[in-house]
Amino acid sequence: METEILDSNEVKKAAEFIKKGELVAFPTETVYGLGANALDKEAVKKIFEVKGRPPKNPLIVHIASKRQLFEIAQIREDKKELISKVIEEFWPGPLTIVLKKKENVPEEVTAGLDTVAIRIPNNEIALELIEKSGPIAAPSANISGKPSGTCFEHVLEDFKGKISGIIKSKACDIGLESTVIDLTSEKPLLLRPGGTDFEEIKKVIDNLEIHNKKLKEAKSPGMRYKHYSPDAKIILFEKNAEDKIESYKGNFEEKGKKIKLLRSSKTNSFAKNLFKEFRDADKEKIEFILVTSVDEKGIGLPIMNRLRNAASEVVT
Ligand code: TXA
Ligand code: MG
């Protein structure tokens with residue numbers, strides 16, 4: 001299949017691909033998405049095929065307006081006020097909300113669950129695309145298990161020849177995926193930390209709790225799988241173990257292993273470049289990435305979540 005590289009002024013063409021049941025990768029403010037018509041189950045199946053994604057891992061539906069929300073989600077009367085407040089405050093933006101789904105959302109999107117994850121992305125190209133095509137189901141644009149695609153070049157590496165189009169744009173602003181919260185359970189739950197700060201959401205949902213189940217019991221199916229990993233093995237050093245880095249380094253160097261030292265920082269630019277660092281390491285044939293920790297506050301929370309998920313070993 002030929003993959004068309006589309007400019008930001010060719011969004012109409014991208015929307016036509018989506019309407020025809022084909023796949024298009026598009027930028028969002030978090031990471032690139034690999035999109036299909038959310039209401040077309042045959043189109044959605046293609047996402048799982050080209051990504052090699054476990055079929056039990058549901059997708060986020062991207063919408064462009066609140067009107068579209070009512071088309072795909074059931075809003076419980078007693079939750080209406082809370083949901084409105086959250087949406088008012090955080091959409092468009094890197095916050096995904098899990099709600100009860102309506103019938104028209106195929107179970108291919110939700111992996112058989114009766115809930116659906118939804119967000120309005122804060123990116124003009126994405127919004128124009130969704131306005132023209134209707135709701136788009138999209139996971140991060142990367143081969144399953146690999147670091148998410150945060151720029152056009154990475155998406156091209158993974159999907160050239162496998163999808164109909166890729167919209168070419170600048171690198172994604174945030175570089176980490178959206179925050180996912182579940183508003184269907186009795187207590188609102190944070191399922192995945194991400195681009196929207198947990199503490200900011202707590203100002204609107206004061207009883208929001210972090211869902212801290214072990215990986216295999218995770219409520220967000222995506223958290224059950226190893227993720228974000230480059231070919232290089234990642235060794236994460238907890239704060240109290242940073243003095244062990246030198247001896248690890250010495251050991252690897254003695255054995256002639258190619259290593260890279262990555263010092264984490266609790267900054268937006270570190271978050272933005274994290275997945276790129278992983279991919280660059282593979283290009284340089286690095287075998288081990290030794291990475292330090294940051295406080296799990298602000299952007300530090302999703303950074304540490306991604307590092308823990310990607311790590312082969314955590315040194316404490
Ligand atoms: O920023 C993002 O969220 C990006 C961009 C493209 O929007 N998308 C993204 O999608 O990261 P993905 O598929 O890589 O991650 C979606 C996460 C997974 O952990 C998945 O299990 C969870 O959302 N999820 C989706 N539907 C769910 C549902 N109904 N209940 C619980 N978790 C759900
Ligand atoms: Mg993903």
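**Helix 7 and helix 10**

I started with the pair formed by helix 7 (residues 152-159) and helix 10 (residues 268-283) in this predicted model. Their axes come within 11 Å, and I read a crossing angle of roughly 55°. That value makes helix 7 oblique to helix 10. I also looked up the hand of the crossing, and for helix 7 and helix 10 it is left-handed.

Next I asked which residues of helix 7 and helix 10 make the contact. From helix 7 I noted His154, Glu157 and Asp158. Helix 10 brings Lys276, Arg279 and Lys283. Sorting the contact of helix 7 with helix 10 by class, I got 5 charged residues, 1 polar and no nonpolar.

**Cysteines and disulfides**

Then I turned to the cysteines. How many disulfides does the model hold? My count comes to 0.

Last, I looked up burial. Are these two cysteines buried or exposed? Cysteine 151 has a relative accessible area of 10%, so I put it down as buried. Cysteine 172 is at 2% relative accessibility and therefore counts as buried too. For both calls I used the limit of under 20%.

Terms used. Residues are numbered from 1 along each chain as its sequence is written. Chains are lettered from A and ligands numbered from 1 in the order in which they are written. This is a predicted model: local features need pLDDT of at least 70, side-chain atom pairs count only at pLDDT 80 or more; totals for chains, interfaces and linings use all residues. Side-chain values use heavy atoms; hydrogens and water are left out. Axes are lines fitted to C-alpha atoms, for helices over the stretch in contact, and angles run from 0 to 180 degrees between N-to-C directions. Helices (H or I, at least four residues) and strands (E, at least two) are DSSP runs, numbered from the N terminus. Angles under 35 degrees count as roughly parallel, over 145 as roughly antiparallel, 65 to 115 as roughly perpendicular and the rest as oblique. A crossing is left-handed if the near helix is turned anticlockwise from the far one by less than a right angle, and right-handed if clockwise. Contact means heavy atoms within 4.5 Å. Ala, Val, Leu, Ile, Met, Phe, Trp, Tyr, Cys and Pro count as nonpolar, Asp, Glu, Lys and Arg as charged, and the others, Gly among them, as polar. A disulfide is a pair of cysteine sulfur atoms within 2.5 Å. Buried means under 20% relative accessible area, exposed over 50%, partly exposed in between (1.4 Å probe, protein chains only).
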